[in-house]
Amino acid sequence: TDPKQLVTAVADGAGYKTAAVKSGFDITVPIGTMRKQVVHVEFGGRDDEGHEIIRFHSVCGPASGRNAMQLLRYNTKMVHGAFAVVQQGQDEKIAIQANLLTETVDALEINRVLAAVAWQADRVEEKLLGGQDQY
């Protein structure tokens, strides 16, 4: 199964808005009735053993050394994904990131990861940005 088609089918089936970008897709996931979160999905990455992965990440706010240790400690409580630092233009941002092995991925797993990454990132964004819905 083509992983891009599988991700698109899952997003379309859930009613999420999908936009094609150079590296993959930006998928907008509604969080309740008033908030949303964009999950960036990238294809073609590799893990340390050379297996192809699909990378999901959603930005929570600007990177800062002030909250790094707190976020790393919070990683131990997360079911899907972990905190990471991602480059967005010239800026470094805090994001929730999850990777899936392309060769074993299925629709249910993609659905779980999309929803979990979006929901968790939105909760952190709300705390970091004082309630703003920027990402």
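Q: What makes the lining of the largest pocket part nonpolar, part polar and part charged?
A: Its residues divide into five nonpolar, three polar and three charged, where Ala, Val, Leu, Ile, Met, Phe, Trp, Tyr, Cys and Pro count as nonpolar, Asp, Glu, Lys and Arg as charged, and the others, Gly among them, as polar. One word on the source: this is a predicted model, in which local features need pLDDT of at least 70 and side-chain atom pairs pLDDT 80 or more, while totals for chains, interfaces and linings use all residues. Residues are numbered from 1 along each chain as its sequence is written, and side-chain values use heavy atoms, without hydrogens and water.

Q: Which helix supplies the largest share of the lining of the largest pocket?
A: That is H3, with six residues. The lining includes Trp 119, Arg 123 and Leu 128.

Q: How do you know that the span of helix H1 agrees with its number of residues?
A: Helices here are DSSP runs of H or I, at least four residues. The expected span is 1.5 Å times one less than the number of residues, so the 12 residues of H1 (residues 3-14) should span 16 Å; the end C-alpha atoms are 17 Å apart, which agrees.

Q: Why are the buried residues of H1 said to line one face?
A: Buried means under 20% relative accessible area (1.4 Å probe, protein chains only), and in H1 that holds for Pro 3, Leu 6, Val 7, Val 10 and Ala 11. Seen down the axis, they fall within an arc of 130°, so they line one face of the helix; the arc is that of the directions from the helix axis to the C-beta atoms.

Key
Helices (H or I, at least four residues) and strands (E, at least two) are DSSP runs, numbered from the N terminus. Buried means under 20% relative accessible area, exposed over 50%, partly exposed in between (1.4 Å probe, protein chains only). On a 1 Å grid over the protein atoms alone, a cavity is a set of points where a 1.4 Å probe fits but cannot get out, and a pocket is an open set with protein on both sides within 12 Å along at least five of seven lines; lining residues have an atom within 4 Å of a point.
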